[in-house]
Amino acid sequence: MKVRFYSAVLSLALIGTSVSVDATSKEDLLKEQQEVESRLKETERSQNQTSEKLILTKQERKEARAQLNEVNSRLDDLALKIADQQAAVAASKEQLRLTEAAISETLKELHQQEELLGSRLRAVQQKGDVKYIEVLLDAKDFGDLISRFSTVSEIIKQDDHVLQAYKGNVKQLSEQRSEQALLLESMKREQRKLLVLQTRIIAESELKRKLVVQLNTKVKELQQEQFSKAEEAEILADQRRLIQNELIALQEAERKAKEEAKRKAEEAARAAEAKRQAEAAEAARAAEAKKKKSDAPSAEPTIPEVESPTATPEQPADAVTSRPFHLPVQGYVSSPFGPRNNPLTGKPEIHKGIDLVNAKGTPIHAAAGGIVLRAGSATGYGNVVMVTHLIDGQVYTTVYAHLDSISVSAGQTVMPGKTVGTLGTTGWSTGPHLHFELHKGEWAVGQPNAVDPAPYIF
């Protein structure tokens, strides 16, 4: 779409060219006004759609965050249970160790007692227990014998009781060890279940976290899209304002042209009337003179005057058409117009301008006369100045990006070579340089009208 919102009046004031105001200019402006209005409505509709997507995505992100928090809360609770279970397992292991130590000690004592009793029994079986026989034979009478026999029997009985007690203690400890071993195994199984559940919840938490990250990225992209649409709407609104101002200027120029034409017509009518009256008077005088001459006896022949031909001035030679734009800053071209790999992302892209490298703070000049469409910050461009020009009936827009500072304001008239800012590295930039774009028509998101500036600059 071509932006033709500069009339001859504005062009004459800004650039110094002389173009007549005609109906075609007004028709072009009205057509351009309709196109800008249509694009502005489309941009606003797109903004609304993006806003709706952004609201839905933010709600989805909120729900995903709540789910992630719930999963993490479950994970924290499970971690406490696992810690308690691990402590219980450790305590059960320690109790089992103490029981096994007690069993070992009891078995040791039991073995000692069994060896002692076994030695006695073997001695009695082989040669009799001399001590017990001596005790019985030393009895004074039958009553004493019975008493001593009872004592010996009681000693033997007590030894057997001690032995049985040891065996019972060993059995009890063995049963206790079995119970504790079963309990420990049960605890270990429960611990394994908790660990498996923890692994599953961690996996679920990771999925939720990735979803939140994806939604965060989507929110940022939608916010960036919304911001870009807002910037485009601002530029289109500026262009609509300029078109409206230009239409007003055209209407005023037409009004003045009509008044001038009316004045000239009235002057021409008066001049024509005066000429008619003069011609009538001259005709009357000529008729009177002719009558007098016809009455005279003779007259000299009259020689008609021959009108000299008017000299035709020599036609000027055709002017040499020069390139319409000047180089905005001196420097070497680090990246020309066309295909390249983006220096920030490494992805292939079409570079919609040329990069001119020079020192930070170097003045940047307007490549041609025009009016400042935008002067401020813009996504990717950083500090940027956009200037619209009308040259030989064609509208162009130049873009000066990554500026360190800006020295003009929107709506300001600039002449060729006017300083618009200083070279810098703001926005998406890897070092000090001027990113210069030339658009044959209006600027729009995606730079559909961008052309290679090189053929237009000398």
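Reply: His-435 touches His-351, Gly-353, Ile-354, Asp-355, Tyr-381, Val-399, Tyr-400, Ala-401 and His-402, leaving aside residues up to four places away in sequence. Touching, or contact, means heavy atoms within 4.5 Å. The model is predicted: local features need pLDDT of at least 70, side-chain atom pairs count only at pLDDT 80 or more, and totals for chains, interfaces and linings use all residues. Numbering runs from 1 along each chain as its sequence is written, and side-chain values use heavy atoms, with hydrogens and water left out.

His-435 sits in strand β12. Strands (E, at least two residues) and helices (H or I, at least four) are DSSP runs, numbered from the N terminus. His-435 has a relative accessible area of 7%, so it is buried. Buried means under 20%, exposed over 50% and partly exposed in between, with a 1.4 Å probe and protein chains only.

Two of the residues it touches also meet the side chain of His-435 through polar contacts. One is His-351, side chain to side chain, at 3.3 Å. The other is Asp-355, again between side chains, at 3.0 Å. A polar contact is a pair of N or O atoms within 3.5 Å; within protein, one must be able to donate a hydrogen and the other to accept it, and residues adjacent in sequence count only if both atoms are side-chain atoms.

Follow His-351 next. It is the bridge partner, in β3, of Gly-338. Gly-338 belongs to strand β2, residues 338-341. β2 and β3 (residues 348-351) pair in the antiparallel sense over 4 bridges; pairing requires at least two bridges found by DSSP. The two strands form a hairpin with 6 residues between them. In its turn, Gly-346 has a positive phi of about 80 degrees.

Gly-338 is buried too, because its relative accessible area is 8%. Besides His-351, Gly-338 touches Glu-349 and Ile-350, again leaving aside residues up to four places away in sequence. Ile-354, one of the residues touched by His-435, is 16 residues from Gly-338 in sequence. Their C-alpha atoms are 8.8 Å apart in space.

Now turn to the β8 side. His-402, also touched by His-435, lies in strand β8. His-402 has a positive phi of about 65 degrees although it is not a glycine. With a relative accessible area of 5%, His-402 counts as buried.

Tyr-400, in β8 (residues 394-403), forms a link to β12 (residues 434-439) through Phe-436. The two rings make a tilted aromatic pair: 5.4 Å centre to centre, with 50 degrees between the planes. Rings of Phe, Tyr and Trp (its six-membered ring) pair if their centres lie within 6.5 Å; planes under 30 degrees apart are stacked, over 60 edge-to-face, and the rest tilted. The partners are 36 residues apart, and the pair links distant parts of the chain. Tyr-400 and Phe-436 are both buried. The structure holds 4 aromatic pairs. Elsewhere, Phe-325, Tyr-396 and Tyr-456 form one aromatic cluster.

What does the largest nonpolar core contain? It has 25 residues, and Tyr-400 and Phe-436 are among those with the most contacts inside it. Others on that list include Phe-325, Ile-364, Val-385, Val-420 and Leu-434. β4 (354-357), β7 (382-391), β8 and β12 each give two or more residues to this core. Another core, of 11 residues, lies apart from it; Leu-242, Leu-373, Met-386 and Trp-443 are among its members. A nonpolar core is a set of buried Ala, Val, Leu, Ile, Met, Phe, Trp, Tyr and Cys residues joined through side-chain atoms within 4.5 Å.

Leu-434 brings several of these names together. It touches Ile-354, Asp-355, Ile-364, Tyr-400 and Ala-401, among others, not counting residues up to four places away in sequence. Pro-328, Val-329 and Leu-423 are also on its list.

β5 pairs with β11 (residues 419-422) over 3 bridges. Within that pairing, His-365 stands opposite Thr-419.

Finally, step back to the whole chain. It has 4 helices and 13 strands. Of its 458 residues, 31% count as buried. Among contacts between residues at least 6 apart in sequence, 71% join residues at least 24 apart.
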